[in-house]
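Subject: Structure for you to look at

Dear colleague,

I am passing on the structure we spoke about, and below it I have set out what was found. Please read the notes with the structure open beside you.

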Amino acid sequence: MKTLKLLLLFVFIAVNVYAKEQGVTLKEVVVTPNRYDINDAQAPSYITVIDNEEIQESNARTVSELLRGVPGVLVTDNGTAKSAIVDIRGSGGTAPSNVLVLVNSRKVNPVDISGPDWLQIPKDSVERIEIVRGSGTVLYGDNAVGGVVNIITKKGEGEKPSVKIGGKYGSYSSSMANMQVSGKKDQ
């Protein structure tokens, strides 16, 4: 029995060393449905992933506009993207309190029953969006009755910290400013 365990240990170490030397390409991972990494074929819920390529090719100006093309998701904005309502599974008037919005797996829904401010999430900083249809209240608590929208932002690039500052100015004195900081310091 001890020899079998010892043999298995050596095989495991050899495979591990080989994998590190060769480099391993992993499958796409979806985080949202189970709170641990799985691929989308194993997900128990119906999910949609909007990847970076789709985001770049889209004509959408905001994150809420990106969600308009997703089947089963209704986005109403009443003339302003700031107060857009994302409705999954037909919650209607209670949609803002029945759809959980996460940024990098952190809840951004306000504590009152209003929906999140969609303009606070710049489209240019989004890596991908995962939309889960169906109740997620067991995993996520309240706000996840209709579904979950998990927005994953881009990771910092390079060794040196960098800053990007942007702004827009429009008619009727409308304006928008944003800033992104990324990079790495020490570890």
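A residue is called buried here when its relative accessible area is under 20%, and exposed when that value is over 50%, with partly exposed in between. Please also keep in mind that this is a predicted model.

By that cut-off, strand E7, which covers residues 147-153, is mostly covered, since seven of its seven residues are buried. Gly147, Val149, Ile151 and Thr153 point one way from the strand, while Val148, Asn150 and Ile152 point the other way, and both sets are buried.

To place this strand in the whole, the protein has five helices and nine strands, and from the N terminus on its elements run α-β-α-α-β-β-α-β-β-β-α-β-β-β. Of its 187 residues, 33% are buried, and the accessible surface comes to about 12,700 Å², with 55% of that belonging to carbon and sulfur atoms. Among contacts with a separation of 6 or more, 54% are between residues 24 or more positions apart.

Which strands form the open sheet, and in what order? There are five, arranged as E1-E6-E7-E4-E5 with mixed pairing, and the edge strands, each pairing on one side only, are E1 (46-50) and E5 (106-107). Strand E4 (residues 99-103) runs parallel to E7 and is joined to it by five bridges, with Leu100 standing opposite Val148. Strand E6 (residues 126-133) pairs with E7 in the antiparallel sense over seven bridges, and there Glu130 has Asn150 as its bridge partner.

The largest core has 22 residues, of which Leu67, Val73, Trp118, Ile129, Ile131, Val149 and Ile151 touch the most other members. Helix H3 (63-66), strand E2 (73-76), strand E3 (85-88), E4, E6 and E7 each supply at least two residues of this core. Setting aside neighbours within four places in sequence, Ile151 is in contact with Val63, Val101, Leu102, Val103, Asn104, Trp118, Ile121, Val126, Arg128 and Ile129. A second, separate core of seven residues includes Ile47, Leu100, Val132 and Val148; Val149 and Ile151 of the largest core point one way from E7, and Val148 points the other way.

Side chains of opposite charge can pair when their charged atoms come close. The count of salt bridges comes to three. In one of them Glu130 is joined to Arg128, with the closest N and O atoms 3.0 Å apart, and both of these residues are buried. Another links Arg61 and Glu65 through their side chains at 3.1 Å, N to O; Arg61 is exposed because its relative accessible area is 65%. Arg68 and Asp77 also meet in a salt bridge, at 2.9 Å from N to O, where Arg68, with a relative accessible area of 39%, is partly exposed, and Asp77, at 24%, counts as partly exposed.

Finally, there is a nonpolar patch on the surface, formed by Val163, Ile165, Met179 and Val181, which together have about 450 Å² of accessible area. Strands E8 (162-169) and E9 (175-182) each supply at least two residues of the patch. Val163, which lies in E8, is exposed because its relative accessible area is 51%.

With best wishes

Notes:
Residues numbered from 1 in each chain as written. Predicted model: local features only at pLDDT ≥ 70, side-chain atom pairs only at ≥ 80, totals over all residues. Heavy atoms only, no water. Buried < 20%, exposed > 50% of the residue type's maximum accessible area, 1.4 Å probe, protein only. Helix = DSSP H or I, 4+ residues; strand = E, 2+ residues; numbered from the N terminus. Pairing = 2+ DSSP bridges. Patch = residues over 30% accessible without salt bridge, like charges linked within 9 Å, V, L, I, M, F, W, Y side chains within 5 Å. Areas by Shrake-Rupley, 256 points an atom, 1.4 Å probe, with all protein chains shown as cover. Salt bridge = Lys/Arg side-chain N within 4 Å of Asp/Glu carboxyl O. Core = buried A, V, L, I, M, F, W, Y, C linked by side-chain atoms within 4.5 Å. Contact = heavy atoms within 4.5 Å.
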